[in-house]
Amino acid sequence: MAPNIHSTALVDAAAQLDPTVTVGPYAVIGPHVQIGARTSIGAHCVIEGHTRIGEDNRIFQFSSLGAAPQDKKYAGEPTRLEIGHRNTIREFCTFNVGTVQDRGVTTIGDDNWIMAYVHIAHDCVVGNQTILANNATLAGHVQVGDQAIIGGLTGVHQFSRIGAHVMAGFASRISQDVPPFMMVDGNPLAVRGLNLEGLRRRGFSAQRMAGIKQAYRLLYRQGLTLEAALSAMADVPHSHPEAEGDIALLRDFVIASQRGIAR
């Protein structure tokens, strides 16, 4: 059994394609590419570099994956792009390999819904079950947590982090870290509240959300310094034990911030 490769596609003999892979017309696949089972590659896609793609991905036409990073320091090092399983990658997306100045690999996890014209630059880390709407743009070294949603035409500054369960609205400018669970939008960016509807849809209990709400009020609504808010947040699990893991996630994210948080 051999992959279903259209007669007009150019697939290097050294590329490793599972026999169940489908490759559309005029696609180009380079020698260092690995593609897992049941993944489909659309027409006119270019997949190059040291790129590994997992199983059950659907990659639509005209996407460019694994090209050299848009970084003047890049000198042809064999850095990588790694894409997990069950991702939908729509038309005209561009994902670059990493750089030796950072991790050396750009990583996209599993079950992500990535819409047309999305750019994911070198050394980015995108988690699982995220949604990146049309024309969302991640500069180099950006991190996006699990189940985050980034609205269309939103730009994310290099080295910024977006926490898990964040909702970033349409055409936002993100240049600082956005803590988990927040809902943000605008230019300049503003925190509008908690992504409560998203948490409900993901099965968060009322008790967990109550603890997250209390931590949010300490961080954003009571006029506390960041240090005082973090200190007070450490006590929230005493009254909301169901949210202990969520509070830890939020506190650890804020403590680790290098660029400062949107506040």
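In the predicted model, a nonpolar patch on the surface is formed by F62, F92 and Y117, which together contribute about 290 Å² of accessible area. The three residues also make up one aromatic cluster. Within this group, F92 is placed in the loop that runs between β13 (88-89) and β14 (94-96), and its relative accessibility of 35% classes F92 as partly exposed. Y117 likewise counts as partly exposed, with a relative accessibility of 45%.

Across the whole structure, a search for aromatic pairs returns four of them. In one of these, the ring centres of F92 and Y117 are 5.0 Å apart and the ring planes meet at 10°, so that the pair is classed as stacked. Because F92 belongs to the loop between β13 and β14, whereas Y117 belongs to the loop between β16 (113-114) and β17 (119-120), the contact ties together parts that are 25 residues apart in sequence. A further aromatic pair, that of F181 and F204, is edge-to-face, with a distance of 6.3 Å centre to centre and an angle of 75° between the planes. This pair links distant parts of the chain, since F181 is located in the loop between β26 (173-174) and β27 (182-185) and F204 in the loop between α1 (196-201) and α2 (206-220), at a separation of 23 residues. Both F181 and F204 are buried.

Charged side chains are also found over aromatic rings. The ring of F204 has the charged end of R208 sitting over it, at 3.7 Å from the ring centre.

Strand β21 (residues 143-144) pairs with β24 in the parallel sense, over two bridges. These strands belong to an open sheet of eight strands with parallel pairing, in which the order is β3-β6-β9-β12-β15-β18-β21-β24. The edges of the sheet are formed by β3 (16-17) and β24 (161-162), each of which pairs on one side only.

Several backbone features were examined in the loops. Most residues other than glycine have a negative phi, and most peptide bonds are trans. Q129, although not a glycine, has a positive phi of about 60°; this residue is found in the loop between β18 (125-126) and β19 (131-132), and a relative accessibility of 43% places Q129 among the partly exposed residues. H141 is another residue other than glycine with a positive phi, here near 70°. The position of H141 is in the loop between β20 (137-138) and β21, and in contrast to the partly exposed Q129, H141 counts as buried, at 11% relative accessibility. The peptide bond from N187 to P188 is cis, with omega near 5°, and P188 is found in the loop between β27 and β28 (190-194).

In the helical part of the model, A228 is found in helix α3 (residues 226-233) and is partly exposed, with a relative accessible area of 31%. The C-alpha atoms of A228 and E197 are separated by 28 Å, the two residues being 31 residues apart along the chain.

Terms used
Residues are numbered from 1 along each chain as its sequence is written. This is a predicted model: local features need pLDDT of at least 70, side-chain atom pairs count only at pLDDT 80 or more; totals for chains, interfaces and linings use all residues. Side-chain values use heavy atoms; hydrogens and water are left out. Patches are made of residues with over 30% relative accessible area and no salt bridge: like charges are joined within 9 Å, nonpolar side chains (Val, Leu, Ile, Met, Phe, Trp, Tyr) within 5 Å. Accessible areas come from the Shrake-Rupley method with a 1.4 Å probe; for residues, only the protein chains shown count as cover. A salt bridge is a side-chain nitrogen of Lys or Arg within 4 Å of a carboxyl oxygen of Asp or Glu. Helices (H or I, at least four residues) and strands (E, at least two) are DSSP runs, numbered from the N terminus. Buried means under 20% relative accessible area, exposed over 50%, partly exposed in between (1.4 Å probe, protein chains only). Rings of Phe, Tyr and Trp (its six-membered ring) pair if their centres lie within 6.5 Å; planes under 30 degrees apart count as stacked, over 60 as edge-to-face and the rest as tilted. A charge sits over a ring if NZ of Lys or CZ of Arg is within 6 Å of the ring centre and within 35 degrees of the ring normal. Two strands pair if DSSP finds at least two bridges between them.
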